Amino acid sequence: MSNISRRSFLQRGAAAAAAFSIVPGSILGKSHGYVAPTDKLNIAAVGIGGMGNANLKNMEKTENIVALCDIDWKYSKGVFERHPNAKKYWDYRKMYDEMGKSIDAVLVATADHTHAIITADAMTMGKHVYTQKPLTHSVYESRLLTKLAASTGVATQMGNQGSSAEGTDLVCEWIWNGEIGDVYKVECATNRPIWPQGLNTPEKADKIPSTLNWDLFSGPAEVKPYNHIYHPWNWRGWWAYGTGALGDMACHIMHQPFKALKLGYPTRVEASSTLLLRDCAPNAQHVKFIFPARENMPKLAMPEVEVHWYDGGMMPDRPKGFPEGKELMGPGGGLTIFHGTKDTLICGCYGQEPFLLSGRVPNAPKVCRRVANAMSGGHEQDWIRACKESASSRVQTKSNFLEAGPFNEMVVMGVLAVRLQALNKTLEWDGQNMQFTNIKDNEEIKICIKDGFTIKDGHPSFNKDWTDPVNAKQFANELIKHNYRQGWKLPDMPR
């Protein structure tokens with residue numbers, strides 16, 4: 001100490017104090033990942049202008065928000081202003097490089113196509129992650145995050161908040177108690193899309209706003225000419241960035257059947273839709289999944305079950321005995337109908353307001369853990385609770401990646417069925433190996449690039465532009481596992 005001047009000592013002490021103010025909670029006298037519930041997590045957020053803003057509001061009530069990242073600083077302006085002490089970034093990679101040692105957890109709420117890479121990089125750094133739905137853009141990405149959750153032991157949560165709501169708990173408890181008998185068919189529907197879909201690819205490029213980094217928005221995907229129709233929010237309808245109404249809403253509406261019926265991997269799938277375009281999701285879709293029989297439960301057999309998805313105004317038939325004059329679409333713009341051998345169970349989006357068509361009110365044992373205020377912050381707070389627990393004794397969140405990953409595989413595989421419908425057959429799926437098994441090596445498909453419908457002299461003209469024939473197996477494989485553009489790479493798949 002005698003060789004250090006008083007000024008130097010004080011300067012070093014001040015620097016240490018400043019650094020300590022944003023040190024990860026796991027280092028504050030704790031070990032092995034445990035953080036006392038009264039200690040605050042240091043959270044970084046990537047994608048804060050849309051749903052990320054809502055998630056942050058439910059996290060900032062109790063935790064420290066230390067870093068914010070977005071590719072559009074105009075869209076995110078209000079969040080930046082609300083957190084003036086948080087460091088601002090355009091590129092999440094730079095944020096991880098500079099703040100990696102100072103953060104405990106990461107919120108990811110970007111466009112679908114960048115969920116996986118941002119989340120995977122955080123997990124390999126040992127950071128807990130909350131990632132918006134759909135969890136990923138592809139099947140392979142979902143499998144990767146599932147395995148990373150197992151290998152890293154971090155706390156995870158997908159942002160389908162209805163999984164923490166009591167409606168989902170009741171649906172599971174009623175079915176597991178045998179209240180509707182064995183379930184042989186499930187029908188799901190949404191009133192989405194409410195954003196534009198079924199659109200031709202823009203033919204002109206717009207000037208990129210100075211507040212938007214389009215290259216970083218594109219991320220691992222091909223950089224297309226910018227057009228205002230893509231961003232913000234409407235990217236959901238474009239295949240390069242989103243997954244359409246199925247990817248967006250099935251994570252809310254199909255989680256109840258996936259969980260209650262312990263579905264796992266489907267074995268067959270077929271799809272149809274309104275006009276399918278190369279670049280934009282169709283206006284309406286129907287997807288049919290077939291799941292094999294599963295292991296029976298004490299009060300419930302698990303026979304083969306077919307699960308249907310409808311969107312864009314397409315709906316299942318009204319079940320026999322459904323009240324006349326009552327709208328079939330459920331609360332929250334979603335509908336799920338469980339057809340059982342004894343009764344029919346119906347609920348809305350997020351599992352809301354479940355009821356039996358017979359009018360009987362079940363009295364099933366409460367076996368599911370309840371999360372308070374799930375739809376108004378409880379889902380995020382339950383993840384925060386899990387972040388502060390040791391991995392060895394952690395109570396898993398309601399949509400942790402060990403469950404959300406396989407579930408999301410099912411959802412995005414349904415998207416593949418829509419995009420491969422030109423094969424005109426039921427596709428056979430090997431979930432374990434992530435591949436379709438009945439697409440022949442020499443099969444080809446053509447995809448409509450542009451719908452050139454016009455009316456001339458009172459007569460309609462259907463003049464569509466098509467791609468050249470492409471190899472169907474190669475096309476399917478790229479949809480299952482994307483080829484990222486140069487400079488972007490996922491971590492290796494854990495064994």
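Predicted model: local features only at pLDDT ≥ 70, side-chain atom pairs only at ≥ 80, totals over all residues.
Local features require pLDDT of at least 70 and side-chain atom pairs count only at pLDDT 80 or more, whereas totals for chains, interfaces and linings use all residues. Residues are numbered from 1 along each chain as its sequence is written, and side-chain values use heavy atoms, with hydrogens and water left out.

The protein has 13 helices and 21 strands, these being DSSP runs numbered from the N terminus (H or I, at least four residues, for helices; E, at least two, for strands). The radius of gyration is 24 Å, close to the 23 Å that the globule rule gives for 495 residues, so the protein is as compact as a globular protein of that length; the radius is taken over C-alpha atoms, and the rule is 2.2 Å times the number of residues to the power 0.38.

Helix α6 (residues 139–152) and helix α12 (residues 401–419) pack at an angle of about 175°, with their axes 8 Å apart, where axes are lines fitted to C-alpha atoms over the stretch in contact and angles run from 0 to 180 degrees between N-to-C directions. The two helices, α6 and α12, are therefore roughly antiparallel (angles over 145 degrees). In contact (heavy atoms within 4.5 Å) are residues of α6 including V139, L145 and A149, and residues of α12 including F401, V412 and L416.

On a 1 Å grid over the protein atoms alone, a pocket is an open set of points with protein on both sides within 12 Å along at least five of seven lines, a cavity is a set where a 1.4 Å probe fits but cannot get out, and lining residues have an atom within 4 Å of a point. Volumes are the space filled by probe spheres set on the points, which are joined across faces, edges and corners. The largest pocket holds about 660 Å³ and is lined by 42 residues, of which A109, T110, A111, W235 and R236 lie nearest its centre. The second largest pocket holds about 540 Å³; among its 21 lining residues, A221, E222, K224, A240 and E478 are the closest to its centre, and helix α13 (residues 472–480) provides the largest share of the lining, four residues.

Two cavities of 30 Å³ or more are present. The largest cavity contains about 80 Å³, and α12 gives the most to its lining, with four residues; the lining includes V412, L416 and R419. The second largest cavity contains about 40 Å³, with W239 and R419 among its lining residues.

How values were computed. Parallel < 35°, antiparallel > 145°, perpendicular 65-115°, else oblique.
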